[in-house]
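Subject: Structure handover

Hello,

Here is the structure I promised to pass on. Please open it first, then read the notes below.

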Amino acid sequence: EAARQWDGVYDNRSRIYSANSNKNLPQQRARFMAQAIDLVARQVSSQELDEFGERNLARCLERISQYCEVPPPLIALRVLEKAGQI
């Protein structure tokens, strides 16, 4: 069940990124980043993360980081703040 939930997060994140036009513009990357952070924060706050969940979260954060050209710890900070875990 947890794997299926993370698959849904990956799919939604990819869909959001694909729907953005002009991905090279910083404002478009910022919009994607905000949407992706909201998406991942909802997943994080909806369940207690075990080792599997932590690894999947890390994969999501790394991918968002790559898409947005922002360091992964900053993405993680925003997600954890939004999820109420910091």
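**The aromatic cluster**

Y17, F32 and Y67 form one aromatic cluster. Please keep in mind that this is a predicted model.

I started with the rings. A pair of aromatic rings is described by the distance of the centres and the angle of the planes. The count of aromatic pairs comes to four. Two of them are described here.

Take Y17 and F32. Their ring centres are 5.2 Å apart and their planes stand at 75°. Planes over 60 degrees apart count as edge-to-face, so this pair is edge-to-face. Y17 sits in helix α1 and F32 in helix α2. The two residues are 15 residues apart, and the pair links distant parts of the chain.

Now F32 and Y67. Here the centres lie 5.5 Å apart and the planes are at 70°, so this pair is edge-to-face as well. F32 belongs to helix α2 and Y67 to helix α3, so the pair ties together parts that are 35 residues apart in sequence.

Is F32 buried or exposed? The relative accessible area of F32 is 1%. Buried means under 20%, so F32 is buried.

Y17 has a charged neighbour too. K23 lies over the face of Y17, 5.3 Å from the ring centre.

**The nonpolar core**

Next, the core. The largest nonpolar core holds 22 residues. Those with the most contacts inside it are W6, V40, V44, L57, I64, I75 and V79.

Which helices supply it? At least two residues come from each of α1 (2-19), α2 (26-45), α3 (51-68) and α4 (72-82). The largest share is that of α2, with eight residues.

**The loop between α3 and α4**

One last stop. V70 is found in the loop between α3 and α4. Leaving out neighbours within four places in sequence, V70 is in contact with M33, S65 and I75. V70 and A34 are 36 residues apart in sequence. In space they are 12 Å apart, C-alpha to C-alpha.

Best wishes

How values were computed. Residues numbered from 1 in each chain as written. Predicted model: local features only at pLDDT ≥ 70, side-chain atom pairs only at ≥ 80, totals over all residues. Heavy atoms only, no water. Core = buried A, V, L, I, M, F, W, Y, C linked by side-chain atoms within 4.5 Å. Buried < 20%, exposed > 50% of the residue type's maximum accessible area, 1.4 Å probe, protein only. Helix = DSSP H or I, 4+ residues; strand = E, 2+ residues; numbered from the N terminus. Phe/Tyr/Trp six-rings, centres within 6.5 Å; stacked < 30°, edge-to-face > 60°. Lys NZ or Arg CZ within 6 Å of the ring centre and 35° of its normal. Contact = heavy atoms within 4.5 Å.
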